[in-house]
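Hi,

Here is the structure I promised to pass on.

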Amino acid sequence: MPTTRGFSLPEVVIALGVLALLLAAAAPSFRGLLLEARMTTAVNELVHTAHLAHQAAQAHDRDIVVCRSTDGEQCAPPGNWAAGWMVFVNRDRDDPPVADPGEPVLHASSAH
């Protein structure tokens with residue numbers, strides 16, 4: 001008597017149904033993990049930026065500015081920092097700070 005290998009159609013349908021149920025139950029947990037990972041990344045980058053600004057201020061003995069920026073080249077008006085930020089040496093100490101030509105941008109962060 002020949003033996004058959006494989007699965008029958010009802011077995012495949014039941015297995016796919018069970019898999020779909022497991023994935024549907026796990027999806028909210030994965031979404032939460034993804035959001036938490038994104039938040040952790042943004043916080044770590046902001047902390048890194050603060051350390052960079054502190055070290056640069058000591059090394060250059062100048063004013064270092066951390067400001068909200070949407071393009072990484074100029075400070076943006078007040079708003080949501082999720083759009084990004086930048087760090088630059090404010091040699092002329094203008095207020096409000098403006099990244100003028102010759103004032104190096106030390107770091108720019110894009111939107112999160």
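Buried stands for under 20% relative accessible area, exposed for over 50%, and partly exposed for anything in between, using a 1.4 Å probe and protein chains only. Five of the five residues of E2 are buried, so the strand is largely enclosed by the rest of the structure.

Before going on, two notes on the source. This is a predicted model, where local features need pLDDT of at least 70 and side-chain atom pairs count only at pLDDT 80 or more, while totals for chains, interfaces and linings use all residues. Residues are numbered from 1 along each chain as its sequence is written, and side-chain values use heavy atoms, with hydrogens and water left out.

**The sheet**

E2 belongs to an open sheet of three strands in the order E1-E2-E3, with antiparallel pairing. The edge strands, each pairing on one side only, are E1 (64–68) and E3 (105–109). Neighbouring strands here are turned by 10° against each other on average, direction ignored; the axes are lines fitted to C-alpha atoms, and angles run from 0 to 180 degrees between N-to-C directions. Strands (E, at least two residues) and helices (H or I, at least four) are DSSP runs numbered from the N terminus, and two strands pair if DSSP finds at least two bridges between them.

On one side, E1 and E2 pair over five bridges in the antiparallel sense, and Arg68 stands opposite Trp85 in E2. On the other, four bridges join E2 (residues 85–89) to E3. There, Met86 stands opposite Ala108, and Val87 has His107 as its bridge partner.

**Links between side chains**

Which cysteines form the disulfide? The structure holds one, and its partners are Cys67 and Cys75, with their sulfur atoms 2.1 Å apart. The cut-off for a disulfide is a pair of cysteine sulfur atoms within 2.5 Å. The link is left-handed, with -85° about the S-S bond. Cys67 counts as buried at 8% relative accessibility, whereas Cys75 is partly exposed at 24%.

There is also one salt bridge, in which the side chains of Asp63 and Arg93 meet at 3.2 Å, N to O. Asp63 lies in the loop between helix H1 (9–60) and E1, and Arg93 in the loop between E2 and E3, so the pair ties together parts that are 30 residues apart in sequence. To count as a salt bridge, a side-chain nitrogen of Lys or Arg must be within 4 Å of a carboxyl oxygen of Asp or Glu. At 33% relative accessibility, Asp63 is partly exposed, while Arg93 is exposed at 57%.

Most residues other than glycine have a negative phi, and most peptide bonds are trans. Arg93 has a positive phi, near 55°. A cis peptide bond joins Asp95 and Pro96, with omega about 5°, and Pro96 is also found in the loop between E2 and E3.

**On the surface**

Finally, Phe7, Val12, Leu16, Leu19 and Leu23 make a nonpolar surface patch of about 530 Å². Phe7 sits in the segment before H1 and is exposed, with a relative accessible area of 70%. Patch residues have over 30% relative accessible area and no salt bridge; nonpolar side chains (Val, Leu, Ile, Met, Phe, Trp, Tyr) are joined within 5 Å, like charges within 9 Å. Areas come from the Shrake-Rupley method with a 1.4 Å probe, and for residues only the protein chains shown count as cover.

Cheers
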